[in-house]
Amino acid sequence: MKCLIIQPIHPAGEKLLEEAGIEVVHASAHDMETVAREIVDMDAAITRNAGLNPAAMQGAEKLQVIGNHGIGVDPVDVDYATSIGLPVAFTSYGNVQLVAELVIAHMMAISKGVREADSAVCEGRFDYRYTRDLRELNETTLLIVGFDRIGRRTAEIASAAFGMRVLVHSPSVPAADIEAAGFVPAPDINIALGEADFVSLHQVLNDRTRGSFDAGRLAAMKKGAVLINTARGALVDTEALIAAVNSGHLRGAAMDVFDTEPLPADHPYTACEGVLLSHHIGGATKEAMCRTALQVAGAVVDVLNGRRPEYLVNPTVWDECRTGRDPSFCPFVSPTLKVPEMIKSNLLKALWREGKPGFGTWITLCPHPRVVKILASAGFDFVIIEMEHTDFSFETVGRLAMLARECGLTPIVRPVGTMKPHGLTRPLDAGAQGLLLLSIDTAEQLDAIITATKYYPRGNRPMNLKGPHTDYAVAPANEIISHLNAETLSIAMAETRKSIDNLDEILKVDGLDCIMIGFDDFSQDLGVPGDMQAPVLLEAYEEVFAKCREVGVEFELSAQNPDMAAKWFEKDARWIPYQNDAAMVINAARALRKVGGRA
């Protein structure tokens, strides 16, 4: 596989690509005519402010991903990329700190007259300090327009370091979120502009925001205020800004970004002493360049290995195939799986239908693809991906689930216990083939959850048949729905005496596949915490086994060692989760210590 680097990135990013087996190819120039010729054979491309246009994309039939080095993606024709199913990844945090610091630097440079002071010293004008109105930032008001990561970080620094009052105008962010961050929502931008001593722009560039800081909006700013733009040059009307500065209405302005980059030497900004200029240096420190390069290269590696990257400009294309490809092939899930194979029967359920037990384990410590592959090669049948007691994100769960399916394992997820029923569909949408439902005490509780996680007619799960594990093109939608309803496991965890008392009714709930006894919480509820041989606990086990056998529902107990697993299999348990990844690592380490005589 090959990746075209259209503009230079930090060597750390290139090294990451090469270590992943991806050949790095540098474009000989970054104009689109040259790029269109050199991108033909590429599987991926990384670009900066050169972007990528439709002509270049059209000629690159093998292209599977565009990596955008930075937050702003307007130089890339995202609409065209979306129309051909091409994902565009971007870097959301690589330059956050640096750009926020640059905003503060510009604010200080203008309020302290740093540039003018330097000129005065060089020219021998030592009375300069007595003739200028220099200002402090403390107790002034800053308006943040666009509360993205950079806007948020700028607000944090201004408030904490300088005691500035921070207003935030960002229509897409709820006022409650702005208040929770410690700042003041400013829904009416014109009112806010009249209060602010400094205005910092952090908006994306689109048809709505282009030229939005025009003569009218600049006139609405407080007299003597300062405008700082580190977002996109085209947000500001050039002529209107120069007029506002030259007239004295604005104390000054700072521009790190321009509509045309690099800025022409004869551009009107260069003749305006009140506008402080910098050449798009907001992401140009060594540290930021390294972070951004690693992030964009990591996204490329993810896509080329069938994993969804964390940040996509056009996430809807992830579940779709590139126009012109074999419609049964979806390159954004795995280079080896065909879509029809991806909705095949749940492998654990298939074992049960054959009268065979399933053996698996928990992933609680190491959410790494290699762990899944090791477990598959060891002969496990399923994995339980733990969310309740870990910080695994849905993106992590999705990657593990899809890889498990590819490796022949059934992925089951134990969601966070506080999730509402409809929130439980997210692991299923991400590729899980079963849910381990915590603390099921009543039939009503279980029925509500199964209703939320099954499609029509059994439930009311929202339609999502274009996830990474299925596609409308495979079969009629009603057949897919029926198949997924039948093959999605619903496993209820009995963890209290109340759940056992209500077991008869729980077992009648349509859609229940298995009862699992949660030993730790169950033994604690019975008053015998940790005692696996307590008579009251063993009696409860036997009661659950007998009732499950009677109605044909599977039952399960976790095993901490092979002898315990054998015992449960003798009891007709059809699936046994054995320890977890952390316990297996610990046991292996202990075994090695014994070999070394250090037991």
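Predicted model: local features only at pLDDT ≥ 70, side-chain atom pairs only at ≥ 80, totals over all residues.
Tutor: Residues are numbered from 1 along each chain as its sequence is written, and side-chain values use heavy atoms, with hydrogens and water left out.

Student: Why is Leu409 called buried?

Tutor: Buried means under 20% relative accessible area, exposed over 50%, partly exposed in between (1.4 Å probe, protein chains only). Leu409 has 0% relative accessibility, so Leu409 counts as buried.

Student: What does Leu409 touch, leaving aside its neighbours within four places in sequence?

Tutor: Contact means heavy atoms within 4.5 Å. The partners of Leu409 include Leu347, Val372, Phe380 and Gln433. Ala376 is also one of them. The C-alpha atoms of Leu409 and Ala376 are 6.5 Å apart, while 33 residues separate the two in sequence.

Student: Why does Lys349 count as buried?

Tutor: Its relative accessibility is 10%. Buried means under 20%, so Lys349 qualifies. Its side chain also reaches the backbone oxygen of Ala486 at 2.5 Å.

Student: What makes Arg135 and Asp197 a salt bridge?

Tutor: A salt bridge is a side-chain nitrogen of Lys or Arg within 4 Å of a carboxyl oxygen of Asp or Glu. The closest N and O atoms of Arg135 and Asp197 are 3.4 Å apart, so the pair meets the definition. Arg135 lies in the loop between α7 and β6, and Asp197 in the loop between α10 and β9, so the pair ties together parts that are 62 residues apart in sequence.

Student: Is Arg135 buried or partly exposed?

Tutor: Arg135 has a relative accessible area of 21%, so Arg135 is partly exposed. Asp197, at 9%, is buried.

Student: How many salt bridges does a search of the whole structure find?

Tutor: The search finds 19. One joins Asp302 and Arg307 at 3.0 Å, N to O.

Student: Why do β8 and β12 stand at the edges?

Tutor: Strands (E, at least two residues) and helices (H or I, at least four) are DSSP runs, numbered from the N terminus. Two strands pair if DSSP finds at least two bridges between them. The open sheet has 7 strands in the order β8-β7-β6-β9-β10-β11-β12, with parallel pairing. β8 and β12 each have a single partner strand, so one side of each is left without a neighbour in the sheet.

Student: How do you know that β6 and β7 pair?

Tutor: They share 5 bridges in the parallel sense. The definition asks for at least two, so they pair.

Terms used:
Polar contact = N/O pair within 3.5 Å; in protein donor to acceptor, adjacent residues only side chain to side chain.
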